[in-house]
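Q: Hi! Could you walk me through this one while I have it open?

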Amino acid sequence: MEESSSSKQQKTLFSPYKMGRFNLSHRIVLAPMTRCRALNGIPRAAHVEYYTQRATQGGFLISEGTCISPTAAGFPHCPGIYTDEQIEAWKKVVDAVHAKGCLFFCQLWHVGRASNQVYQPGGNSAPISSTSTPISRRWRILMPDGSYGNYPKPRVLATSEIQEVVQHYRQAAKNAILAGFDGIEIHGAHGYLIDQFLKDGINDRTDEYGGSFANRSRFLMQILQSVATAIGPDLVGVRVSPAIDHLDAMDSDPFNLGLNVIKNLNKLQQDLGQKLAYLHITQPRYTAYGQTESGRPGTEDEELRMISTWRRAYDGTFMCSGGFTKELGMEAVANGDADLVSYGRLFISNPDLVLRFKVNAPLNKYIRATFYTQDPVVGFTDYPFLNEGKTKQEPISRL
């Protein structure tokens, strides 16, 4: 952590924060969120508008999940960062965000088994994973035509293939820096590829990537080691969700899984001689399919203790996300349970969320039906700003 004891006594979401080499003017972060607007995997002019609408002087944005390779997608029209055309398109977005004095990280993403043949090269290959077990029919995948389908049986990665995927992450990180991003976030959460290695409810391997905590963490740590040596540790963040069951990503001991990952992160930082940019953990309030509208599940005390323990175990900047309101964010920062708080749906519907929080203004209500459409305006860049005075503004107390 980067703060003096005196500053800690007065921390709010609007307190400045020093994250390694970066000086932030506030602690409200745009969370990475899939938006499905990058036609054929290429960011476009609408992305420039969307991200600059949410950029503030001294603020911090994290991009939507950005595919590291042709096998990485599991939604229609997700952007990539593995071709020259994608890199050039991202440059325009990044330059516009930087013109507003805002920090911008690229989230690197591979969905693993959370895909479908239609999203794979050639349109007929099985998605890759730590396992050959498919995601259960409790969950449905969004198809390119807007319908929902079942997740297919994945192809288990051979031990010899894993380092090739590690290299895809490394190259994607280098590409992100070429595009002008200030850093990258490794998406190791929410039931996607890395989480498929971390969770014992999915990972049934018998090689050095399965079984013990250390083995299940090996893939993530190899990715972080490779990426950190490629672009610098302090330009690398990582997101994990040990207690989240999204896409069947369950673990028999999420508390100790989280502690083991944190122990490994602390050791990696010692070995590298430099801290990572941050650790980003999704709160257990973010639950299967939706995230309870109350934001407070029945095991709240246990879950808050778990997050608090993880926070105090990690040696570095700690970011939380998942069902936060302004009040819950202020509480987390004031209590020292988070240095930074990322907001998703509230930031979708309120491009000026930082201002609205600061002046206690009412919030626009989000429209869930337009989260994953391909329209470059509707549900993407058309939510009004506070000074536009439109009737769309409605107060919401919980997400």
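A: Happy to, starting with a term: buried means under 20% relative accessible area, exposed over 50%, and partly exposed in between (1.4 Å probe, protein chains only). This is a predicted model, so local features need pLDDT of at least 70 and side-chain atom pairs count only at pLDDT 80 or more, while totals for chains, interfaces and linings use all residues. Residues are numbered from 1 along each chain as its sequence is written, and side-chain values use heavy atoms, with hydrogens and water left out.

Q: Thanks! How many salt bridges does the structure hold?

A: Twelve salt bridges. The term stands for a side-chain nitrogen of Lys or Arg within 4 Å of a carboxyl oxygen of Asp or Glu.

Q: What does Arg-155 form a salt bridge with?

A: Its partner is Glu-161, and the closest N and O atoms are 2.9 Å apart. Arg-155 is partly exposed at 37% relative accessible area, and Glu-161 is partly exposed at 23%.

Q: And Asp-195, is that one buried or exposed?

A: Asp-195 is buried, with a relative accessible area of 1%. Asp-195 forms a salt bridge with Lys-199, with 3.1 Å between the closest N and O atoms. Lys-199 is buried as well, at 0%.

Q: Which side chain does Asp-339 meet in a salt bridge?

A: That of Arg-311, at 2.6 Å from N to O. Asp-339 sits in the loop between α9 (326-334) and β15 (340-343) and Arg-311 in helix α8 (residues 300-313), so the pair ties together parts that are 28 residues apart in sequence. Asp-339 is buried at 0% relative accessible area, and Arg-311 is buried at 1%. On naming: helices (H or I, at least four residues) and strands (E, at least two) are DSSP runs, numbered from the N terminus.

Q: Let's stay with α9. Which of its residues are buried?

A: Lys-326, Leu-328, Gly-329, Ala-332 and Val-333. Seen down the axis of α9, these buried residues fall within an arc of 165°, so they line one face of the helix. The arc is that of the directions from the helix axis to the C-beta atoms.

Q: What covers them?

A: The cover includes β15 and α11 (353-359). Just after α9, Gly-336 has a positive phi of about 80°.

Q: New topic: at what angle do α6 and α7 pack?

A: About 35°, with the axes of α6 (residues 213-231) and α7 (residues 254-272) 10 Å apart. Axes are lines fitted to C-alpha atoms, for helices over the stretch in contact, and angles run from 0 to 180 degrees between N-to-C directions. Contact means heavy atoms within 4.5 Å.

Q: And how do α4 and α6 cross?

A: The axes of α4 (residues 162-178) and α6 come within 9 Å and cross at roughly 35°. Among the residues making the contact are Val-166, Tyr-169 and Ala-173 of α4 and Phe-219, Ile-223 and Val-227 of α6.

Q: Last one: where is Ala-31 found?

A: Ala-31 is in the loop between β3 (28-30) and α2 (45-53), and at 5% relative accessibility Ala-31 is buried. Leaving aside neighbours within four places in sequence, Ala-31 is in contact with Ile-62, Ser-342, Tyr-343 and Gly-344. Ala-31 and Phe-60 are 29 residues apart in sequence and 9.3 Å apart in space, C-alpha to C-alpha.
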